[in-house]
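I opened this notebook to keep a record of what I looked up in the structure, entry by entry. The entries follow the order in which I went through the model.

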Amino acid sequence: MKTILSAEKQTMRDGLSKTMLRLSQEDENVYVLDGDLGTSTKADVVADNNPEKFLQMGIAEQNMMSAAAGLATTGIQPWTFSFAAFLSKRSIDQIQVQIAQPKLDVKMIGGYSGLLTGLTGKTHQSLEDIAIFRTLANMVVLAPGDSKEVEKVMEFAHQYDGPVYIRVARDAYPILFDDDYTFELGKAITLKEGTDATIISTGTQTSRSVEAAEKLEEEEGISVEVLHMPSIKPLDTEAIVKAAEKTGAIVTAEEHSIIGGLGSAVAETLVEEKPVPVVRVGVKDRNSESGPNEAMLDKYEISPNHVVDAVKQVLKKK
Amino acid sequence: MSTLLQEEQKNLLINKSKEARKQLIKAVNHAGAGHIGGPMSAMDLFINLYFNELNVSTEDPDNDNRDRFVLSKGHSAIGLYAALAVRGFFPIEELKTFDSLDSRLQAHPDMTILPGLDMSTGSLGQGISAAVGMALGAKLQNKEFRTYCIVGDGESQEGQVWEAADVASKYKLDNLVAILDNNKIQQFGWNAGNGKREIPAVNAHGRWEAFGWHVIDIDGHNHEEITNALHEAKQVSGKPTIIIANTVKGKGVSFMEDTIKWHSRVPTDEELELGLKELEAGV
């Protein structure tokens, strides 16, 4: 069986830095605000190539986010860059009171999300950002699955008037989308058809979910649909209900805590609209550590094999 | 001391301050909730800004070139509302809706519903950062407007205030003026050991100077000094200015002055009547 996953891998940071530089060159109102992590998030590309549009805000996330709100009221579209962990926890009050509540046009790029953050450990990993951001009224919460989707999502955010949080990751992932792909807010994307169960995944966990689905089909003859959810808020509840009606068994998969993230959002929808068995793949309410990628995925139960096991588990509940 | 303030304008400011203080205590009495002490200490600052300094228009409150004002100590909202009403941004009658359901006069300022508010505040430390963003936005886009921000002395315990101070200085925001409402009392504060609770003495002047700001110390209830300080700030180049306005919490009503009790106490009808009399008499 032919895989839809590319052999070549690209980091989300590639698509991100390229797109950020272009937007800063094309739109006089676009400015980049950096919480002194530019060399990690790759916002440094703007500092190096379009320095007039780069504002170093120092290691002070709270001030950076409130200042972004002030900038937005003067007609500037600030793109704020930090780690997902710091945006979602150090400056969430500033984001709520001064950006989300007044619905100001501020973009937030949360780098180094999830578990695989280059050996930085639990202080820098982010397993709660989806849960935190999606509880804020007026927020748009996006978790693209590859470098190309990062570009498309950023183009959308540039056109959208209001707060957008974009969750990106550090390392390289297979390419899922090509240039023709169009991102639509609040719409899920079927990456693989299937009839026995549906994996609903987001962000970096999508390529692992595709890998799991292809393995299940090839090795076990189980037909698994993969529904990618780049838009966590607003959520494509219609697609979730349709999947539940079609396959009657749902696995959710995310590089995030199983509490409050995509799995919770999907479960909330299904409980109210179409109750079917659900198994959530994610980090199970525990603190993590630093370690090599493959070992981390395995220990914290989010590897493709864990997705495979979750599908088998949910099928037994059908 | 030389003054830039003509006698007639000075009398106007004194009268408007008096009128706004009366409206403020009436509104808190009517709502049965709200702060008194902080809004009273900051009232001469509000009035001087809105009648003597800010380039703003009640007809065109969202004008792109207007001066910006951010009340970082957002819990003094009712003081700002009273000043805005007296200035004509909305009917004085509307002050009666303060804190009630569907009112534009929320307990803490909500920029999305009340014309004339440039930023939502209430969670302390955030307003001054937003003001830094506004001043930076003016610089980046070569806009002429200036940005003003009132910060509380209790509020200055928030670390974010100093993040903002640091970045404002780094970007040389000489179009930004912060005013510290230095009333020396916070909600509960520290035990001063003399039966009172207070904000421990901090070297505000030295702190702001160390962050690279131009610092001016004044009596925050003296309209001549406020006017002169705001004028001086305009002459400063390459750094932001902070005016340390030494004020009295609850200023204007004897029994509300300099007492922790009136941080957020609601005056009874009797206290209101007495307060209005005192304000009218100018005690």
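**Entry: a parallel pair and its sheet**

I began with strand E10 (residues 197-201) of chain A in this predicted model, and found that 5 bridges join E10 to strand E11 (residues 224-228) of chain A, the two running parallel. Within this pairing, A:Ser201 stands opposite A:His228 in E11(A).

I then looked up the sheet around the pair, which is open, has 5 strands in the order E9-E11-E10-E13-E14 (chain A), and shows mixed pairing. Strand E9 (189-192) and strand E14 (278-283) of chain A each have a single partner strand, so one side of each is left without a neighbour in the sheet.

Helix H11 (residues 262-273) of chain A lies across E10, E13 and E14 of chain A, and runs at about 145 degrees to E13(A).

How far apart are the axes of H10(A) and H11(A), and at what angle do these helices pack? I noted 10 Å between the axes and an angle of about 65 degrees, and the crossing in which H10(A) passes H11(A) is right-handed. On the H10(A) side the contact is made by A:Thr237, A:Ile240, A:Val241 and A:Ala244, and on the H11(A) side by A:Val266, A:Thr269, A:Leu270 and A:Glu273. Sorted by class, the residues of this contact come to 5 nonpolar, 2 polar and 1 charged.

**Entry: two domains of chain A**

The domain assignment of chain A gives domain 1 (9-174) and domain 2 (189-317), and I noted that their C-alpha centres lie 26 Å apart. The contact takes 27 residues from domain 1 and 26 residues from domain 2 of chain A. On the domain 1 side, the elements that give two or more residues are helix H7 (129-134), strand E6 (140-142), helix H8 (147-159) and strand E8 (172-174) of chain A. By class, that side has 16 nonpolar, 5 polar and 6 charged residues.

**Entry: chain A against chain B**

Which element gives the most to the side of chain A that touches chain B? The contact takes 21 residues from chain A and 25 residues from chain B; helix H4 (61-72) and helix H6 (92-100) of chain A are the elements that give two or more residues to the chain A side, and H4(A) gives the most, with 8 residues. The residues of the chain A side divide into 9 nonpolar, 11 polar and 1 charged.

**Entry: backbone exceptions**

Most residues other than glycine have a negative phi, and most peptide bonds are trans. Against that background I noted that the peptide bond from A:Lys233 to A:Pro234 is cis, with omega near 0 degrees, and that A:Pro234 is found in the loop between strand E12 (231-233) and H10 of chain A. I also noted A:Lys42, whose phi is near 80 degrees, a positive value in a residue other than glycine; A:Lys42 is placed in the loop between helix H2 (38-41) and helix H3 (44-49) of chain A.

**Entry: overall dimensions**

Chain A has 13 helices and 14 strands, and its radius of gyration of 19 Å is close to the 20 Å that the globule rule gives for 318 residues, so chain A is as compact as a globular protein of that length. For chain B I noted 8 helices and 7 strands.

How values were computed:
Residues numbered from 1 in each chain as written. Chains lettered and ligands numbered in written order. Predicted model: local features only at pLDDT ≥ 70, side-chain atom pairs only at ≥ 80, totals over all residues. Pairing = 2+ DSSP bridges. Helix = DSSP H or I, 4+ residues; strand = E, 2+ residues; numbered from the N terminus. Contact = placed C-beta atoms within 7 Å. Axes fitted to C-alpha atoms, helices over the stretch in contact; angles between N-to-C directions. Left-handed = near helix turned anticlockwise from the far one by under 90°. Nonpolar A, V, L, I, M, F, W, Y, C, P; charged D, E, K, R; others polar. Domains from an automatic or database assignment. Rg over C-alpha atoms; globule rule 2.2 N^0.38 Å.
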